[in-house]
Amino acid sequence: QVQLVESGGGLVQAGGSLRLSCAASGRAFSTYAMGWFRQAPGKEREFVAVISGYGRTTNYADSVKGRFTISRDNAKNTVYLQMNSLKPEDTAVYYCAAASRGIVTMVRGYDYWGQGIQVTVSS
């Protein structure tokens with residue numbers, strides 16, 4: 001069992017930055033690929049970024065490439081999402097998730113989910 005808790009969300013102006021953190025409990029954190037997803041009101045949950053267990057491989061949605069960076073610190077059981085040059089369309093609830101099957105970009109590929117955290121970008 002893995003429990004995930006996100007932090008670092010909030011309100012920021014367009015062009016600003018935020019860093020989300022996701023702290024994981026449980027063992028064997030490095031055996032999970034960790035992903036970030038987001039869900040805006042009235043829309044489906046969508047993939048944002050994913051990082052492999054030891055951080056060697058990452059993958060990003062086209063909409064965030066060059067602006068967002070995913071990283072992890074396995075000693076702290078934590079994954080991060082650095083978000084720069086934020087746009088109003090980045091406004092959503094952001095979720096972190098753990099996948100035992102490796103790098104996946106689909107919602108159904110993940111085994112555990114955090115409760116989500118709000119990110120609001122004002123124009």
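Reader: What does Ser-21 touch, leaving aside its neighbours within four places in sequence?
Author: Ser-21 is in contact (heavy atoms within 4.5 Å) with Val-5, Glu-6, Ser-7, Trp-36, Thr-78, Val-79 and Tyr-80, once neighbours within four places in sequence are set aside. This is a predicted model, where local features need pLDDT of at least 70, side-chain atom pairs count only at pLDDT 80 or more, and totals for chains, interfaces and linings use all residues. Residues are numbered from 1 along each chain as its sequence is written, and side-chain values use heavy atoms, with hydrogens and water left out.

Reader: And where is Ser-21 placed?
Author: Ser-21 is in strand 3. Strands here are DSSP runs of E, at least two residues, numbered from the N terminus.

Reader: Buried or exposed?
Author: Ser-21 counts as buried because its relative accessibility is 15%. The cut-offs are under 20% relative accessible area for buried and over 50% for exposed, with partly exposed in between (1.4 Å probe, protein chains only).

Reader: OK, disulfides. How many does the structure hold?
Author: One, with a disulfide meaning a pair of cysteine sulfur atoms within 2.5 Å. Cys-22 is joined to Cys-96, S to S 1.9 Å. The pair links distant parts of the chain, 74 residues apart: Cys-22 sits in strand 3 (residues 18-25) and Cys-96 in strand 9 (residues 92-99).

Reader: Which hand does the link of Cys-22 and Cys-96 have?
Author: Right-handed, with 45° about the S-S bond. Both cysteines, Cys-22 and Cys-96, are buried.

Reader: Now the sheet of four strands: what's the order?
Author: The order is 1-3-8-7 in an open sheet with antiparallel pairing; two strands pair if DSSP finds at least two bridges between them.

Reader: How many bridges join strand 7 to strand 8?
Author: Six, and the two strands run antiparallel, strand 8 being residues 78-83. Ile-70 stands opposite Leu-81 in strand 8.

Reader: Last one: where is Asp-90 found?
Author: Asp-90 is in the loop between strand 8 and strand 9. Asp-90 counts as buried because its relative accessibility is 0%.

Reader: What does Asp-90 touch, not counting residues up to four places away in sequence?
Author: On that count, Asp-90 touches Arg-38, Arg-67, Phe-68, Ser-85, Val-119 and Val-121. The Asp-90 side chain also reaches the backbone nitrogen of Lys-87 at 2.8 Å.

How values were computed
A polar contact is a pair of N or O atoms within 3.5 Å; within protein, one must be able to donate a hydrogen and the other to accept it, and residues adjacent in sequence count only if both atoms are side-chain atoms.
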